[in-house]
Amino acid sequence: MALIYCKDCGKQVSDTAANCPYCGSKMRAVNPNASEKDWLTTLLLCFFLGGLGIHSFYTGKTTIGVIQLITLGGCGIWALIDFIMIICGNYRDGEGKIVTNNR
């Protein structure tokens with residue numbers, strides 16, 4: 001049995017607990033391969049500013065962001081592919097973790 005921290009009150013709780021015994025909030029499994037970047041923010045940045053590569057800068061892909069900025073998102077094709085990947089849940093951040101809906 002391992003101990004994890006409650007996301008609301010910060011106290012240590014058993015990893016098998018469904019609810020925190022201190023504050024009552026629901027415990028959920030934390031995926032170590034999930035990015036800390038917000039899925040919706042990434043999606044909106046890609047939709048509105050995808051041609052400038054702003055979503056790549058946000059997720060920590062600085063080199064790709066600069067290339068997208070110079071090429072205007074690969075004439076829009078690169079931004080479209082990234083947008084589809086974000087919607088499908090296959091887009092990765094700069095650390096290689098999948099950007100998912102964390103809510």
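Trainee: In which helix is D82 found?
Mentor: This is a predicted model, in which local features need pLDDT of at least 70 and side-chain atom pairs count only at pLDDT 80 or more, while totals for chains, interfaces and linings use all residues. Residues are numbered from 1 along each chain as its sequence is written, and side-chain values use heavy atoms, with hydrogens and water left out. Helices (H or I, at least four residues) and strands (E, at least two) are DSSP runs, numbered from the N terminus, and on this basis D82 is found in helix α4.

Trainee: Is D82 buried or exposed?
Mentor: The classes rest on relative accessible area with a 1.4 Å probe and protein chains only: buried is under 20%, exposed is over 50%, and partly exposed lies in between. The relative accessible area of D82 is 6%, and therefore D82 is buried.

Trainee: Which residues does D82 touch, not counting those up to four places away in sequence?
Mentor: Contact here means heavy atoms within 4.5 Å. I67, 15 residues from D82 along the chain, has its C-alpha atom 14 Å from that of D82. With residues up to four places away set aside, those touched by D82 are C46, H55, S56, Q68 and Y91.

Trainee: To which side chain is that of S56 joined by a polar contact of 3.5 Å?
Mentor: S56 lies in helix α2, residues 54–58, and is buried, with a relative accessible area of 0%. Beyond its neighbours within four places in sequence, S56 is in contact with several residues, among them D82, Q68 and Y91. A polar contact is a pair of N or O atoms within 3.5 Å, where within protein one must be able to donate a hydrogen and the other to accept it, and where residues adjacent in sequence count only if both atoms are side-chain atoms. The side chain that forms such a contact with S56 is that of Y91.

Trainee: What separation is found between the C-alpha atoms of G53 and G65?
Mentor: G53 is found in the loop between α1 and α2, and its relative accessibility of 0% counts as buried. Setting aside residues up to four places away in sequence, G53 touches G65 and Q68. Although G53 and G65 are twelve residues apart along the chain, their C-alpha atoms are separated by 4.7 Å.

Trainee: Within what arc do the buried residues of α1 fall, seen down its axis?
Mentor: The buried residues in α1 are T42, L43, L45 and C46. They line one face of the helix, because the directions from the helix axis to their C-beta atoms fall within an arc of 165°.

Trainee: Which helices do the buried residues of α1 pack against?
Mentor: The face of α1 turned away from its buried side carries the exposed residues F47 and F48. The packing of the buried residues, by contrast, is against α2 and α4.

Trainee: Which helix gives the most to the nonpolar patch?
Mentor: Patches are made of residues with over 30% relative accessible area and no salt bridge, like charges being joined within 9 Å and nonpolar side chains (Val, Leu, Ile, Met, Phe, Trp, Tyr) within 5 Å. The nonpolar patch, whose residues include L40, F47, F57, V66 and L72, has about 1100 Å² of accessible area together, by the Shrake-Rupley method with a 1.4 Å probe and with only the protein chains shown counting as cover for residues. Both α1 (39–49) and α3 (62–75) supply at least two residues each, but the helix that gives the most, with five residues, is α1.

Trainee: What is the phi of L72?
Mentor: L72 lies in helix α3 and is exposed, with a relative accessible area of 53%. C75, also in helix α3, has a positive phi near 60° without being glycine. L72, likewise not a glycine, has a positive phi of about 55°.

Methods:
Salt bridge = Lys/Arg side-chain N within 4 Å of Asp/Glu carboxyl O.
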